[in-house]
Each structure stands twice: as structure tokens, then as C-alpha cells.
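Please go through the briefing below, which takes up a pocket lining and a helix packing in turn.

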Amino acid sequence: MSSLLIKASHYLAADPATGSSGVPNPTRNAPGALSTKVDTVLGIVAWAGTAAGVLGVLVTGAMMAVSLKRGESSEHMSRLGMVLGGCVLVATAGPIVSFVFG
């Protein structure tokens, strides 16, 4: 079934006159000043995401220690899993986008 879809997509994307693909493939030509500013903003956001992840792990660990001292049990492991999942997502955001759009 997937090979039929691939053939259909090549057929639909082909130029009837030449038989070649008519799908445009634009080049990446961002202005230098804009590219520098975007890189700066993305660097700040990545740093803030990393700092938030470290803070989340520290707060979760402190909450686990306090509740253990009190003899309470709560859902700290699920919170820690959410924080660590967020850390992994922040750390791999660049490579994921590069893989999908690169």
C-alpha cells in the first residue's frame, strides 16, 4: 500500500511536460543580522529551559526529602519523571527539528 502511495505522490508531483518533479526546493537564505538575533534568542531560551529543568529536579528532590521526613507518601516519582521528560525534550529539541526539517 505504501509503495502505491509513493508512486502516486511522484506521479502527482511530476511536471506533465518534462516528466520531472515540479515541487519547489527553496534555498535557506536568511539575512545575517536576523540569523544572529534568532541564534541569540534560541540560546537564551535553551539556557532558560536547562535552568528550569535543574530547578525542577532540585525542587522535586527537596519535596521528596521533606515528605520522607514527615512520613508522608505522595506522587513525587511521577513528578520527577515529568521533570526529567521535560529535560530530555529541551535537550533534544534542536536535533529533533534538524532531523525532521533537515
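The model is predicted, with local features needing pLDDT of at least 70 and side-chain atom pairs counting only at pLDDT 80 or more, while totals for chains, interfaces and linings use all residues. Residues are numbered from 1 along each chain as its sequence is written, and side-chain values use heavy atoms, with hydrogens and water left out.

**Pocket**
- The lining of the largest pocket consists of L42, V45, A46, V90, A91, A93, G94 and V97.
- Helix 2, helix 3 and helix 4 (93-101) each contribute at least two residues to this lining.

**Helix packing**
- Helix 2 (residues 32-70) and helix 3 (residues 76-91) have axes that come within 9 Å and cross at roughly 165 degrees, which makes helix 2 roughly antiparallel to helix 3 (angles over 145 degrees count as such).
- The contact (heavy atoms within 4.5 Å) involves A46, G49, T50, G53, G56, V57, T60, M63, M64 and S67 of helix 2, together with H76, M77, R79, L80, V83, L84, C87 and V90 of helix 3.
- Sorted by class, the contact of helix 2 with helix 3 has 10 nonpolar, seven polar and one charged residues.

Technical notes. Axes are lines fitted to C-alpha atoms, for helices over the stretch in contact, and angles run from 0 to 180 degrees between N-to-C directions. Helices (H or I, at least four residues) and strands (E, at least two) are DSSP runs, numbered from the N terminus. Angles under 35 degrees count as roughly parallel, over 145 as roughly antiparallel, 65 to 115 as roughly perpendicular and the rest as oblique. Ala, Val, Leu, Ile, Met, Phe, Trp, Tyr, Cys and Pro count as nonpolar, Asp, Glu, Lys and Arg as charged, and the others, Gly among them, as polar. On a 1 Å grid over the protein atoms alone, a cavity is a set of points where a 1.4 Å probe fits but cannot get out, and a pocket is an open set with protein on both sides within 12 Å along at least five of seven lines; lining residues have an atom within 4 Å of a point.
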